[in-house]
Amino acid sequence: MTTLTSRAIAEASYCVKYNATVREIAKEFGISKSTVFFDLTKRIPHNFEFLSKQVRDVLDNNKEERHYRGGKATKEKYLKIKQQAKEE
């Protein structure tokens, strides 16, 4: 097993275990988001079908929830700005 395959398996295992986003995985492993996405979508399917299915489910779920996370972040941003304005 090559180093790339080993890394891809580690990333996939982390993804499934923690229900992690691509951004969280990239931060944990110190690599780019595009590399993580490539590993999870291209390297894993060829070798580990069961793990690939689990990863795909997590990625699809994260994609469905993405707009909720964005809305939450925006709301928190403006609440913080509002609180700072009150303090001044």
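Axes here are lines fitted to C-alpha atoms, for helices over the stretch in contact, and angles run from 0 to 180 degrees between N-to-C directions. Helices are DSSP runs of H or I with at least four residues, numbered from the N terminus.

Two notes before the tour. The model is predicted, so local features need pLDDT of at least 70 and side-chain atom pairs pLDDT 80 or more, while totals for chains, interfaces and linings use all residues. Residues are numbered from 1 along each chain as its sequence is written, and side-chain values use heavy atoms, with hydrogens and water left out.

**Stop 1: H2 against H3**

Select H2 and H3. Their axes are 8 Å apart and the helices pack at an angle of about 105°. That makes H2 roughly perpendicular to H3 (65 to 115 degrees; under 35 is roughly parallel, over 145 roughly antiparallel, the rest oblique).

Now show side chains. From H2, pick Val22, Arg23, Ile25 and Ala26; they meet Lys33, Val36, Phe37 and Leu40 in H3. Contact means heavy atoms within 4.5 Å. The residues of this H2 and H3 contact divide into 6 nonpolar, no polar and 2 charged. Ala, Val, Leu, Ile, Met, Phe, Trp, Tyr, Cys and Pro count as nonpolar, Asp, Glu, Lys and Arg as charged, and the others, Gly among them, as polar.

**Stop 2: two sides of H2**

Stay on H2. Val22, Ile25 and Ala26 are buried (under 20% relative accessible area; exposed is over 50%, partly exposed in between, with a 1.4 Å probe and protein chains only). These three cover an arc of only 100° around the axis, which puts them on the same side of H2. The arc is that of the directions from the helix axis to the C-beta atoms. Turn to the other side of H2: Arg23, Lys27 and Glu28 are exposed there. Just after H2, click Gly30, which has a positive phi of about 70°.

**Stop 3: H1 across H3**

The axes of H1 and H3 (residues 33-47) come within 9 Å and cross at roughly 105°. H1 is therefore roughly perpendicular to H3. Residues to show in H1 include Leu4, Ala8 and Ala12; among their partners in H3 are Val36, Leu40 and Ile44. The contact of H1 with H3 divides into 7 nonpolar, 3 polar and 4 charged residues.

Next, click Glu11 in helix H1. Is Glu11 buried or exposed? It is buried, with a relative accessible area of 0%. Leaving out residues up to four places away in sequence, Glu11 touches Ile25, Phe29, Ile31, Val36, Asp39 and Leu40.

**Stop 4: the aromatic cluster**

Select Tyr14, Tyr18 and Phe29, which form one aromatic cluster. Rings of Phe, Tyr and Trp (its six-membered ring) pair if their centres lie within 6.5 Å; planes under 30 degrees apart are stacked, over 60 edge-to-face, the rest tilted. The count is 2 aromatic pairs. Tyr14 and Tyr18 have ring centres 4.8 Å apart and planes at 50°, so this pair is tilted. Tyr14 and Phe29 have centres 5.9 Å apart and planes at 90°, so that pair is edge-to-face. Tyr14 lies in H1 and Phe29 in H2, so the pair ties together parts 15 residues apart in sequence. Phe29 is partly exposed, at 30% relative accessibility.

**Stop 5: Asn19**

Finish at Asn19, in the loop between H1 (3-18) and H2 (22-29). Asn19 has a positive phi of about 50° although it is not a glycine. Most residues other than glycine have a negative phi. Asn19 is partly exposed, with a relative accessible area of 39%.
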